[in-house]
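Visitor: Hi! Could you walk me through this one? I'm new here.
Guide: Happy to, let's have a look together.

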Amino acid sequence: MSAPAASSRPASSRLAGTGTLTRLALRRDRVLLPVWAAALSLAVVSVASAFESLYATAADRAGVARSTNAGASVRALYGPVFDDSTGGLVAWRMAVLGGVLAGIMSLVIVVRHTREEEETGRQELLSAAVVGRRAPLTAALLTALAANGLVAVLVTAGQALAGLPAGGAAALGLAVAGTGLCFAGVAAVTAQLTDTARAARSLAGATVGLAFLLRAAGDAASAGASSPLVWVSPVGWAEQTRAFAGERWWVLVLPYAVAGLAAAGAFALAGRRDIGAGLLAGRPGAAMAPRHLTGATGLAWRLQRGTLLGWAVGFAVAGTVFGSLIEGAADLVGDNEGTRQIIERMGGREGLADSLLAALTGLLGMVAALYAVGCVLRLRAEETSGRAEPVLAGATGRTRWAAGHLAFAGLGTVVVLLAGGLGMGLAYGVSAGDVGGRLPPVLGAALAQTPAAWVLASVAVLLFGALPRWAVAAWGLAGGCLAIGWLGPALRLPGWVMDLSPFGHLPKLPGAGVSAGPFVWLVGLSAVLTAVGLVAFRRRDVV
């Protein structure tokens, strides 16, 4: 279906139906948006409360700031501390993390209401009615704007109610929301470039990851966040706002300006393509498919291989960055016992370097679970797009069809963690001058995260099979486990809360003692949940 030339229709007609589509998008996201915004606000308030009790005196807070700014490792993870007040510590801990989470929320919203609608064919049906050419993109961006506006309001209000200065609270709220809007604009562009929602999300997500790595490398290289790498990263702009530390209000211009420019670019690109098509057209395949692409497994390989390669490369790069910082782990703590306790709660008590390695390999595992969940949910995407039905109408059974994608969720997770473990172990070994002695335990610690990631993937299988309309909730479960593992130690969450995540049952490797028990029951639980999900899938209708 060809799009009419942009100049042949008045602007009002190109935006016709925007209000209706916006209301529809807000209704579809009526649960997702409030929950995501409330969770972000609650995390900020919880961190403020935890730091009030953990660092009760000015001397304690000054010690945290001093040890943090002296160590490249912790600066790479969270950024520098610009002020040793409670508000300054909250901004240090949440500006980067909050910006990343807001960015992920925004790209999911924009791609869902643009490229995904085109991929499923719903947008073409809507366009046959009184709906302007640019109305869907406008509605998606307005929905993202509403979501980030809610984030800004709740984060600001939560901090103000916690007793933090209103100016700093507003600066942090606007910085987090601005980062989210910046990546909403990026997602709007990727939705025009690609021809599938998965590719659009992957490209926008890779941009978020690249922004985080640039910020991490810049903060590791300079104690005062003065590196140019920080300034080229939208995630770095959130920390450069310096909430509660003499706010730099002018920095807020950067993310909002980039968001506007990206949105304008997306509108320009939208007028240059057909509905359902992307500007980056896929290459035609060979006339005859090779033998390894035949069958359900070959189809899964063709659909999943690009994603696997991207994740593996990303993990290798991230692992290399993190591993190069471990040797300076002693600078993280200095003489501050509170910071040491946080690291030990994250990674165990087997020495500071081992504790930090355990914390970072645990982080790799929790992020790898997102990859595994995405592989499983590709089944749902194939089903809702109508591509699964022709495959299943032939001789291919449902279990066989699903098994190809589940193989990528299982074995692909191992490959991704292997890449991250190799990168981290090699970088750590080179910096310590002992590759042979440092690489094996780090690689083993990374691979040990696999069973927990499999459990979250198996939950996605269960939801896909038994409650397909709720399959997307698997993302929330994986994100919740990531939040528990990353923020739980600093918030001193009770043990039963930490145990809600399957990663909480794994030994803190390297350094801790290893027993087969946790690995056996996690693998067994994963197998049972997967089997139940596949049985439920065989018994329900394909929708």
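Guide: Let's begin with a rule: rings of Phe, Tyr and Trp (its six-membered ring) pair if their centres lie within 6.5 Å, and planes under 30 degrees apart count as stacked, over 60 as edge-to-face and the rest as tilted.
Visitor: How many aromatic pairs does that rule give?
Guide: The count is six aromatic pairs. One is Phe464 with Phe537, a tilted pair with 4.9 Å centre to centre and 40° between the planes. Phe464 belongs to helix α22 (residues 450–466) and Phe537 to helix α25 (residues 516–539), so the pair ties together parts 73 residues apart in sequence. Helices here are DSSP runs (H or I, at least four residues), numbered from the N terminus.
Visitor: Where do the numbers come from?
Guide: This is a predicted model, where local features need pLDDT of at least 70, side-chain atom pairs count only at pLDDT 80 or more, and totals for chains, interfaces and linings use all residues. Residues are numbered from 1 along each chain as its sequence is written, and side-chain values use heavy atoms, leaving out hydrogens and water.
Visitor: Is Phe537 buried or exposed?
Guide: Phe537 is buried, at 1% relative accessible area; buried means under 20%, exposed over 50%, partly exposed in between (1.4 Å probe, protein chains only). Phe464 is buried too, at 2%.
Visitor: What lies over the face of Phe537?
Guide: Arg398, at 5.2 Å from the ring centre. The rule asks for NZ of Lys or CZ of Arg within 6 Å of the ring centre and within 35 degrees of the ring normal.
Visitor: Which residues form an aromatic cluster?
Guide: Trp311, Phe315 and Tyr371 form one.

How values were computed
Helices (H or I, at least four residues) and strands (E, at least two) are DSSP runs, numbered from the N terminus.
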